[in-house]
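Here is a short note to read beside the model. Please keep the structure open and follow the points in order.

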Amino acid sequence: MPRDASDLLHGTLDVLVLKTLSWDTMHGYAIAEWIEQRGQGELVIVDAALYKALHRLEDAGAISSEWGLSENNRRARFYSLTPRGRALLRAEAATWKRYAVAVGRILETG
Amino acid sequence: MRRAFRLPGTRHRIERELDEEVRFHVERRAKALEATGLSPEEAEAEAWRKFGDVQDLRQYCMSIDVAHLQRARWRERLDILGQDFRFALRQFRRAPGFAAVAAVTLALGIGATTAIFSVVNGVVLRPLPFDHSDQLVELWGLDAKGDQLHFADPTFDTLAASSHTLSAVAEYNEYGMSIVNHGEVSRVNASGVTKQFFNILRAKPAIGRFFDPDEQRPGAPMAVVISDGLWTRQFGKSPGVIGSTMRSGTEPITVVGVLRPGQELPADVDIWYARERYPENDSYTAHNWRVIGRLRPGTTVAQANHDVSTVLRRLHDAVGDATWTFDGSAVSLLDEIVGNFTILLGLAFAASGVLLLIACANVASLGVARMAAREEEMAVRLAIGAGRARLAQQLLVETSTLSALGCVGGLMIGAAGVRLLLLLRPELIPRVGELSLDWRVLVFAMAVSAATAIALGLAAASRTARGDLRATLSQSQRMQGGGGASYRLRGSLVVVQLAMTVVLLVAAGLLAKSFVREVTIDPGFRTRGMVVASMPFDTGVGANGMARRTRYYDDITERARAIPGVTGVGVSDAAPFAGGSSNGDFLILSNASVTVTPQEMETLFRDKAHTGWATYRLASPGYFKALGMPVLEGRVFDDGDRAGTPDVAVINASLAKKQWPNENPIGKVVNFGNIDGDMTPATIVGVVGDTREEDLALDPEPAIFFSYRQRPGSSTGDMYVILSTAAEAPTIRSARQTFRLVRTDVPMRFQTIEDIVGRSMGSQRFMLLLVGVFGAIALLLATLGVYSVISYVVAQRGRELSIRVALGASASEIVRLVLGQGITLSLVGAMVGVAAALGAVRALKHLLYQVSTTDPVAFGAVLVVLCAVGLMASYLPARRAARLPPMDVLRAG
């Protein structure tokens with residue numbers, strides 16, 4: 001079932017985008033595809049929210065964008081991680097892991 | 001090298017790119033859905049559905065991206081500026097000499113302009129420290145010749161009653177007064193003011209109050225408002241001053257209020273009291289009062305001027321010859337206070353502006369040399385794709401950095417200059433206490449620097465923009481430093497510099513010549529080794545008063561004579577350049593037994609054959625000898641002339657020549673009782689030489705001297721004891737001690753006549769010094785200019801000169817060749833300068849004494865100096881050229 005980004009905890013989508021871009025420079029669609037594949041269909045993202053996150057992250061200086069040509073020679077905007085984004089990813093990922101562990105622990109005590 | 005990324009241009013563009021991005025995404029998604037078996041239409045609809053709210057996304061992204069873009073642009077601009085700034089600093093480090101000379105030159109120009117502007121600001125621009133001070137006016141009566149007259153009481157009353165443009169008017173005056181505070185005597189300036197005075201100014205007391213109606217009636221005890229200065233000096237700013245009493249003579253005076261600092265009017269007054277304590281004088285010719293007024297809201301000074309003129313002309317029509325006031329005028333109070341100084345200041349400001357232009361021309365000319373050396377760099381950078389705008393910006397940053405340095409230096413010089421001005425001539429500059437470097441001066445200095453930076457930057461950039469790339473690149477191998485165009489530009493900048501230097505130097509020369517003329521005028525009295533002691537005038541009213549005064553001055557004279565080194569002692573009611581003497585019409589009588597009443601006098605004055613005009617003076621027997629005034633005919637006073645013997649008078653040569661051109665004035669009888677109230681006729685017994693005592697540049701005025709032993713005198717000012725001596729300083733010390741022994745309650749002030757004369761030349765000296773200093777700086781800069789342009793020529797023509805040497809030209813021929821260029825430059829500069837100076841120095845006309853603005857000596861001297869400097873400045877590079885080892889240059893070429 002698709003979920004809106006606002007349903008996810010704040011910043012979850014951001015950290016996923018950063019993680020995705022840490023692999024390679026990608027355009028928006030590729031990012032969405034990548035996340036959906038890695039999430040094995042559990043994480044279906046609303047596309048509009050993804051683009052919001054991209055522009056937000058670019059504004060924050062975590063990623064930068066450049067127009068280039070896609071695999072099938074279409075003009076597309078490619079995003080890549082900046083050094084600041086890389087640092088942000090490290091910090092966010094660590095937080096997220098601690099958080100997930102905490103939430104999991106609570107759920108298991110049921 | 002930095003990645004040159006391009007930013008999307010507009011808001012519109014951001015929108016388009018976002019749409020494109022979304023479309024790409026949806027198309028890819030639709031393709032993927034098609035692959036799962038959906039029809040193209042279904043796939044696209046599903047893709048859009050999955051995408052979510054596009055409108056919301058667009059709004060969200062726009063708000064972020066526009067701000068982001070703006071920030072990015074600013075960041076980039078600042079980045080580039082920072083780069084340019086660092087580049088400029090690198091350039092300066094590479095050529096520290098150029099940077100230092102340019103910055104110092106600009107600092108001189110900016111500093112001079114800033115210093116003068118701070119005076120303009122403090123004196124002229126800043127309003128007077130009163131509420132709505134633009135409504136304040138000074139009013140004047142005008143006599144038949146149109147000269148300004150003070151007001152008489154009835155004239156003032158008429159004006160107060162009939163003016164419709166003024167909401168209120170007030171009389172005030174100013175004179176010296178001795179006050180005793182805690183047993184200590186001091187001399188202050190006092191001013192009697194009528195009821196409306198402080199209301200008109202809208203002044204506020206710092207503490208206490210102004211006058212009560214009870215203090216503003218005839219015979220009321222004396223209540224005074226004192227200045228902040230007096231409060232500080234004598235009461236240590238204690239609030240307890242209110243209600244405390246001092247004495248003036250035997251009269252107690254009570255302090256009721258203290259005025260705020262800066263609100264003193266007239267400026268050097270320390271004590272104000274209610275003028276109503278004394279009765280009004282019914283005479284229309286007792287011109288004792290100055291008058292201020294406040295304009296009704298909405299009226300102009302011009303309207304008030306017209307109004308006052310109408311009222312006073314109507315008054316003259318009504319009372320006729322009883323009044324000498326024919327007309328009247330109104331002047332804004334600021335103009336009245338600042339007055340003539342504005343003209344002086346305008347000239348000084350213009351001179352500083354010229355200096356700034358010279359400094360700019362100098363830096364521009366230096367800059368052209370640098371640009372010439374960098375032409376290749378610029379051409380290469382243009383060739384590899386730097387935009388011209390980008391290069392222009394870089395040059396602008398360079399010149400701005402220079403100007404900023406110049407601005408800082410200029411402010412320091414300006415601050416020092418203001419301090420120097422204050423040290424030099426405080427009393428010349430009105431409102432001098434209000435001078436400071438405030439924000440307006442700061443803004444002015446920065447604006448001047450910015451204008452300088454832009455002018456210099458544009459000048460440099462326009463050359464780059466015009467430069468022909470290929471020509472520069474191909475010729476740069478052969479010729480370091482630009483072609484003929486660059487020489488022409490630099491040459492003309494130097495010519496401009498030289499020309500403006502000529503203007504300043506000619507102005508300085510004219511002022512100097514006039515100054516010398518004026519100080520070498522024979523004033524008609526001795527100025528060296530003369531000491532003047534001034535003390536309050538003893539009116540000596542009544543027989544007892546006269547006797548007491550005579551005893552006092554005789555006693556002082558006796559003691560002064562005993563001081564070692566003193567060769568002559570005189571007492572008089574006026575000292576050179578101290579003012580204070582009265583003048584007016586006098587009657588010529590057939591013999592000494594004719595008696596005239598004051599009422600008859602007015603009618604008798606209509607008989608011009610028996611009326612003369614002169615300055616009324618009191619003098620002691622020793623006065624003429626002490627001042628070194630020659631006795632031309634008859635005798636001066638002696639000890640036989642005293643109370644009880646027939647009144648005698650001594651006149652000066654001017655009066656003798658004017659009144660009795662073909663007769664012997666000795667034995668003529670005059671009545672000058674309208675001035676001193678004593679209607680006893682006096683017989684002329686002698687003629688003395690003329691003196692110029694008010695203004696060296698003016699012709700001597702006719703004068704009649706009376707003996708202080710016989711006549712009461714008229715002065716409300718001071719009495720002066722004048723001593724001729726071998727040594728001034730010890731005489732002042734001894735006199736100060738011994739005069740105190742006669743009377744301890746009389747405050748005294750000692751000066752030398754040389755100081756007084758020097759002060760009277762204050763404005764001339766000020767202008768001379770200012771223009772002289774500016775001229776000297778200008779000459780120095782112009783010398784630098786000539787030197788650098790000739791050095792540049794030598795460098796440029798090095799190859800040609802070497803070939804000449806190789807072909808057998810002698811060193812002196814080479815020197816002559818280069819010198820020729822320097823002289824040509826100087827001569828052209830001089831010609832242009834002379835033409836400009838002929839026009840510009842006309843502004844100095846009224847400052848010059850017996851020197852024409854086209855004075856050939858001043859012009860000639862400046863031309864000689866300029867050519868000499870031109871020669872000197874080109875000689876060094878010329879000699880360098882002559883000593884070049886020819887083979888080195890040829891090989892290097």
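**Notes on chains A and B**

1. *Ground rules.* This is a predicted model: local features need pLDDT of at least 70, side-chain atom pairs count only at pLDDT 80 or more, and totals for chains, interfaces and linings use all residues. Residues are numbered from 1 along each chain as its sequence is written, while chains are lettered from A and ligands numbered from 1 in the order in which they are written.

2. *The sheet of chain A.* Three strands of chain A make an open, antiparallel sheet in the order S1-S3-S2. Strands S1 (26–27) and S2 (63–69) of chain A are at the edges with a single partner strand each, so one side of each has no neighbour in the sheet. Strands here are DSSP runs (E, at least two residues), as are helices (H or I, at least four), numbered from the N terminus. S1(A) pairs with S3(A), residues 75–81, over 2 bridges. Strands count as paired if DSSP finds at least two bridges between them. Look for A:Met26, which stands opposite A:Tyr79 in S3(A).

3. *Two helices of chain A.* H1(A), residues 12–21, packs on H4(A), residues 83–108, at about 125°, and the axes are 9 Å apart. That makes H1(A) oblique to H4(A). Angles under 35 degrees count as roughly parallel, over 145 as roughly antiparallel, 65 to 115 as roughly perpendicular and the rest as oblique. Axes are lines fitted to C-alpha atoms, for helices over the stretch in contact, and angles run from 0 to 180 degrees between N-to-C directions. The contact residues of H1(A) and H4(A) divide into 6 nonpolar, 1 polar and 3 charged. Ala, Val, Leu, Ile, Met, Phe, Trp, Tyr, Cys and Pro count as nonpolar, Asp, Glu, Lys and Arg as charged, and the others, Gly among them, as polar.

4. *Where the chains meet.* The contact takes 15 residues from chain A and 18 residues from chain B. Residues are in contact if their C-beta atoms, placed from the backbone, lie within 7 Å. Which element gives the largest share of the side of chain A that touches chain B? H3(A) does, with 8 residues. That side of chain A holds 6 nonpolar, 2 polar and 7 charged residues.

5. *Chain B overall.* Chain B has 26 helices and 23 strands. Of its 893 residues, 41% are buried. Buried means 20 or more other C-beta atoms within 10 Å of the residue's own, exposed means 12 or fewer, and partly exposed lies in between.

6. *Two helices of chain B.* H1(B), residues 11–35, and H3(B), residues 54–94, pack at about 135° with their axes 10 Å apart. They are therefore oblique to each other. In H1(B), the contact residues include B:Leu18 and B:Val22; in H3(B), they include B:Met62 and B:Leu69. The residues of this contact of H1(B) with H3(B) divide into 8 nonpolar, no polar and 4 charged.

7. *A strand pair in chain B.* S1(B), residues 136–142, pairs with S12(B) in the antiparallel sense over 6 bridges. B:Leu139 stands opposite B:Ala330 in S12(B). S12(B), residues 327–332, has B:Gly328, B:Ala330 and B:Ser332 on a covered face, and B:Asp327, B:Ser329 and B:Val331 on an uncovered one.

8. *One residue to check.* B:Gln764 lies in H22(B), residues 762–796. Is B:Gln764 buried or exposed? B:Gln764 is buried, because 21 other C-beta atoms lie within 10 Å. B:Gln764 and B:Leu511 are 253 residues apart in sequence, yet 7.4 Å apart in space, C-alpha to C-alpha.

Methods: Two residues are in contact if their C-beta atoms, placed from the backbone, lie within 7 Å.
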